[in-house]
Amino acid sequence: MRARLGELAARLGGELIGDPAVEVARVGTLEAANAETITFLANPRYQAQLATSAAGCVIVGPAMRDAAAARGAAIVCADPYLAFAKLTQWWAAQTRVLPRPGVHAQAVVEEGARIAASASIGALAFVGADAVIGEGAVIGAQAHVGAGATVGAQTWLKPRSMLGEGCSIGARGIVHGGAVIGADGFGFAPAQNPQGAYWEKIEQLGAVRIGDDVEIGANTCIDRGALEDTVLEDGVKLDNLVQIGHNVRIGRHTAFAGCVGVAGSARIGAHCTAGGGAIILGHLEIVDHVHITAATVISRSIMKPGQYSGMFPFDDNASWERNAATLRQLYQMRERLRALEKKT
Amino acid sequence: MRARLGELAARLGGELIGDPAVEVARVGTLEAANAETITFLANPRYQAQLATSAAGCVIVGPAMRDAAAARGAAIVCADPYLAFAKLTQWWAAQTRVLPRPGVHAQAVVEEGARIAASASIGALAFVGADAVIGEGAVIGAQAHVGAGATVGAQTWLKPRSMLGEGCSIGARGIVHGGAVIGADGFGFAPAQNPQGAYWEKIEQLGAVRIGDDVEIGANTCIDRGALEDTVLEDGVKLDNLVQIGHNVRIGRHTAFAGCVGVAGSARIGAHCTAGGGAIILGHLEIVDHVHITAATVISRSIMKPGQYSGMFPFDDNASWERNAATLRQLYQMRERLRALEKKT
Amino acid sequence: MRARLGELAARLGGELIGDPAVEVARVGTLEAANAETITFLANPRYQAQLATSAAGCVIVGPAMRDAAAARGAAIVCADPYLAFAKLTQWWAAQTRVLPRPGVHAQAVVEEGARIAASASIGALAFVGADAVIGEGAVIGAQAHVGAGATVGAQTWLKPRSMLGEGCSIGARGIVHGGAVIGADGFGFAPAQNPQGAYWEKIEQLGAVRIGDDVEIGANTCIDRGALEDTVLEDGVKLDNLVQIGHNVRIGRHTAFAGCVGVAGSARIGAHCTAGGGAIILGHLEIVDHVHITAATVISRSIMKPGQYSGMFPFDDNASWERNAATLRQLYQMRERLRALEKKT
């Protein structure tokens, strides 16, 4: 794979500084670039690397125009990070081998499944009865589509991913390996029998309904609803190992980093983000444009956009031990402080 | 699927207020109900929704009898949440298509495996040598039962779940997709070679032993023991993405929410609960009836029943930053407070 | 399986106290041992169990020589824990049935894959085009090796594990069930269209490169790099449900316990450890020999070896509530303390 700078600049809608006939052979970082690498500079904090980079071409914003031109070839774009994203998409489209349409001889497709002619069903994949697979959809090797489930056009269930019975995902989605969409929500009623207390299962009668342009990370779990459906709106992006409980609703274009957990029946707005390891408790509401710091626990509703945090600051172990032990006396300290204030 | 209120009331052992011949066609929430919906009210905090619900019938407790009757048909039960749980079970039993008994032509069953006549082995499932599958058990499509493993009667290994070599699960269990029972525990001895320090593997010679009526969530991991077995007693319920280390023992009817992690050799009592994201460190003991708040880290044994918590309270980011920075001086603050107290 | 103490002492390079002809039939714990059990004592805190153990033989260090000899047979080794590790390895090698070399009739191997003669490809496994499987490697039942991926000699991909397209793992590795190596990193550029803000995908053009002697736990995820590769050096050990973001680099012999999350582009040194549930944020550096306590969030670079902690201390719920509520006023308390100090 080789591409001329002239063609790339035209595709990205940027201004080329340099020879349009020069070719690059890979997309890389500023740091690891060589003369055949096209790279980008979006974050001003990496500007120092620009001058010393050996890259064949750098995509930059208007503010970096002169600094980039002083170094060598450049493509100047209004939003260099977005241009870089589009470059990676084009690059991938040129280099990736797409699975052939059709059903692999060693896939299992049950009766009543409707598979579009341009869809691809991989080796050892399973498509249950009455499932619907849209045009251009790809069901990867060893992936699983349950009975009655629906996969939208151009959506890609990567190898070893799973869309459970009766669940649906819209168009242009990506579900990574190991993701489980549509396992039972965690619902039990406390009960008693002569042997004592136990849990009686609440069968989960709902499903999972996912919009268009949604990406679901590896080994992420999205549970089916107890009665109504669990819903992810268009454009939602979930990283790996994320847990979405039953009856959660996530608004458009909200993005959660790895290891985030959302408990049942939380309603989360559009354009929100959560950093890695954040926990959102159940039966609460979060409005649009709320940003949650990594490892923060959201224990009640948030009705105002903004950034919310609650991470214990780390320290060397000895300092932490002293401070953590003192934390257990904090309320008492406040009372002592009050007493002192009264005295003086 | 349609059901008459008279029949439902009889099944649930409740008193019907209203016409027994009226039919409902779905189980739903108070909020989303229509005239063909049967729903329930168990938590008094949703009482306001009762009057305005369009539900065809509401299951309520004795205290809500009059309020429900004023609105329309109702079934009055001593424990409406438990009655609802049983209703979902009956509903699911009526509507779900059970897998046919027998071994799918594209499953792989190794030599010596004993499969009960009424058990079902799904497409692309694997059953290892000498495994034992009980009566009415279901091994879902693409699921995995290792050599010498045992699956009890009526237990359901959902598609893409895994019970490792030599591990066992009792009767009436459910294992959801992606769960891995019986991977190696994390055990290494520090060692030195001429190149420096490295980790020498401790082979994990134990297995996982799971009782009856246990439910294991999607992508949850339960490691095999190093020497003795990892044990989950009867009635344990684990949500998704839970990690259970080697040689952990979990007592009867204990339930853990999503993303809980339990380190090796922890011994946890019966009837305990842990909220989402809680971490329980290893080599400690927790007695019966201990309840751990979400995102709490249990770092030493708990010998007294009760509720235990340790979650950093979240705040708007600016307030959190100030407080978190100050937290690092907390011990010092206590010393300063003491000094002041001596002075005044 | 039975082994004579004389043979075991010779294999472990220890001094046998007792009759070399005596046989043991299992490796077990001090506590659960019987006369046919060989066990070990490495941690002095379990010394009390030594005197009462019914074990047929105990592996001990020189300091425990007399105490062990007073009880019965013993093997004295310089490092009893390491000796125990080696014993488990030998025991496993004697008792485990190794998969036969060759490709199972119900595996799928695509064109161009090169599989060493002594390698084993299990039932329902998938090996993509041009993948390379080394001598003695084992691809378990239902496991997945993507196109162009490389598996080193003697490496074991356990059933239902996955090594994605173009990724590589060295020799003598172990990848447990459900692990996903090579899913896309979580990379999106913020963008706008007439409907508003959305996320534009950054295609992940890198891969994952894993050294020799690496063990990856069940359901752990290691994302492929955006441009360069995500790298795990030799001897790294990751427990279950660990998340490694794109472009992370982990140094030799670093070990992470379960549920650890590492965000993108973090560079972690050699010989580090992290306890369960720790979170390491992205774009930071951690030097060699850093040890992170369980459930600690590392939010900035660590340039000095040592132990670092940041876990909220748990308490009974009522005490926690008081202290946590006060924590929100901590900065204010410091200001009040300062004011008092000025006054007195």
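Which strand of chain C do two bridges join to strand β40 (residues 315-316) of chain A? Keep that in mind while you set up the viewer.

**Before you start.** This is a predicted model, where local features need pLDDT of at least 70, side-chain atom pairs count only at pLDDT 80 or more, and totals for chains, interfaces and linings use all residues. Residues are numbered from 1 along each chain as its sequence is written, while chains are lettered from A and ligands numbered from 1 in the order in which they are written.

**Stop 1: chains A and C.** Select residues 315-316 of chain A: the partner is β39(C), and the two strands run antiparallel. Strands here are DSSP runs of E with at least two residues, helices are runs of H or I with at least four, and both are numbered from the N terminus. Two strands pair if DSSP finds at least two bridges between them. Now click Asp316(A), and you'll find Tyr308(C) of β39(C) opposite.

Zoom out to see the whole contact, with 60 residues from chain C and 58 residues from chain A. Two residues count as in contact if their C-beta atoms, placed from the backbone, lie within 7 Å. On chain C, elements that each supply at least two residues to this side include β39 (306-309), α5 (317-327) and α6 (330-343). Sorted by class, the chain C side has 31 nonpolar, 19 polar and 10 charged residues. (Ala, Val, Leu, Ile, Met, Phe, Trp, Tyr, Cys and Pro count as nonpolar, Asp, Glu, Lys and Arg as charged, and the others, Gly among them, as polar.)

**Stop 2: chains B and C.** Over here, chain C gives 58 residues and chain B gives 60 residues. Colour α4(C), which brings the largest share of the chain C side, eight residues. By class, that side of chain C has 29 nonpolar, 20 polar and nine charged residues.

Next, pick strand β39 (residues 306-309) of chain B, which pairs with β40(C) in the antiparallel sense over two bridges. Tyr308(B) stands opposite Asp316(C).

**Stop 3: the sheet.** Follow β39(B) into an open sheet of 12 strands with mixed pairing. Its edge strands, each pairing on one side only, are β8 (102-103) of chain B and β40 of chain C. Look for Ile216(B) opposite Leu238(B).

**Stop 4: a helix in chain B.** Select helix α1 (residues 5-12) of chain B, where Leu5(B), Leu8(B), Ala9(B) and Leu12(B) are buried. They cover an arc of only 100° around the axis, so they sit on the same side of α1(B). The arc is that of the directions from the helix axis to the C-beta atoms. A residue is buried if 20 or more other C-beta atoms, placed from the backbone, lie within 10 Å of its own. Just after the helix, Gly13(B) takes a positive phi of about 65°.

Stop 5: Finish at Ala295(B), in the loop between β37 (290-292) and β38 (297-298) of chain B. Its phi is near 60°, a positive value in a residue other than glycine. Is Ala295(B) buried or exposed? Ala295(B) is buried, with 31 other C-beta atoms within 10 Å.

Methods: Buried ≥ 20, exposed ≤ 12 C-beta atoms within 10 Å, placed from the backbone.
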